[in-house]
Amino acid sequence: GGVDSTQGLIVDCMIVTFSVLCLYLILTKLDSEIRVDGYRKDLDAARLIQESCLPNREVLESVENAEVDAFILPAKEVGGDFYDVVTLDGGRCAFIVADVSGKGVPASLFAMRAKTLVSERLRDGDDIPGCLESVNRSLMDGNKGCMYVTLSLCILCPDGTVTCSSAGHPPPLIRRDGDVSMAEAAGGRLL
């Protein structure tokens with residue numbers, strides 16, 4: 001009887017150990033799924049915030065002397081590409097197209113910072129070179145991640161003239177009377 005009871009005890013211990021291991025694996029999987037679900041919800045919220053920062057249809061349609069449309073599709077749920085349309089004094093309108101180094105949430109956060117800085121400087125009355133220089137200084141300050149942004153900035157005046165500058169970004173395309181051409185832009189360094 002002693003050998004059978006020892007074998008029975010070993011089998012019981014193995015069953016308990018196996019059951020505890022299964023329970024551990026189930027709880028680990030559930031914890032992982034909860035974390036992934038939370039991460040997805042955070043990314044969805046970040047995507048919605050990023051989309052809400054894009055110019056709305058009314059702003060795009062309010063631009064005089066030009067037909068403006070825009071579309072953005074990040075490589076990930078959120079990303080570092082952005083554009084903006086900023087109405088300025090004197091009937092002028094600024095168009096900004098930019099791309100931040102990197103992808104995902106860090107690039108998205110840096111993009112929103114750059115977008116806000118450019119819009120503020122333009123609304124404060126800075127000319128294009130002054131705006132880009134000021135934004136560059138602000139973005140360099142405390143930039144521990146060594147991120148950068150390429151940017152194309154154009155200002156449309158009421159008389160139809162367009163002034164463009166590039167901070168390491170390809171110049172925008174302009175469609176006039178069915179023809180598409182690349183805008184001439186003064187080139188500069190990355191921001």
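**Figure 1. Glu120 and Arg121 pair in a salt bridge.** In this predicted model, their closest N and O atoms are 3.7 Å apart. A salt bridge here puts a side-chain nitrogen of Lys or Arg within 4 Å of a carboxyl oxygen of Asp or Glu. Glu120 is partly exposed, at 39% relative accessible area. Arg121 is buried, at 16%. Buried means under 20% relative accessible area, exposed over 50%, and partly exposed in between (1.4 Å probe, protein chains only). The structure holds four salt bridges.

Residues are numbered from 1 along each chain as its sequence is written. Local features need pLDDT of at least 70, side-chain atom pairs count only at pLDDT 80 or more, and totals for chains, interfaces and linings use all residues, while side-chain values use heavy atoms, leaving out hydrogens and water.

**Figure 2. Arg92 meets Asp89 in a salt bridge.** The N to O distance is 2.9 Å. Arg92 is partly exposed, with 26% relative accessibility. Asp89 is exposed, at 57%.

Figure 3. Helices (H or I, at least four residues) and strands (E, at least two) are DSSP runs, numbered from the N terminus. Glu133 is partly exposed, at 34% relative accessible area.

**Figure 4. The largest pocket holds about 950 Å³ of space.** A pocket is an open set of points on a 1 Å grid over the protein atoms alone, where a 1.4 Å probe fits, with protein on both sides within 12 Å along at least five of seven lines; lining residues have an atom within 4 Å of a point. Its volume is the space filled by probe spheres set on the points, which are joined across faces, edges and corners. The lining has 32 residues; Glu67, Val68, Asp69, Phe95 and Leu173 lie nearest the centre. Strand 1 gives the most to this lining, with five residues.

**Figure 5. Leu173, Val180 and Met182 form a nonpolar surface patch.** Together they have about 340 Å² of accessible area, from the Shrake-Rupley method with a 1.4 Å probe; for residues, only the protein chains shown count as cover. Patch residues have over 30% relative accessible area and no salt bridge; nonpolar side chains (Val, Leu, Ile, Met, Phe, Trp, Tyr) are joined within 5 Å, like charges within 9 Å. Met182 sits in strand 6 (residues 179-182). Met182 is exposed, at 53% relative accessible area.
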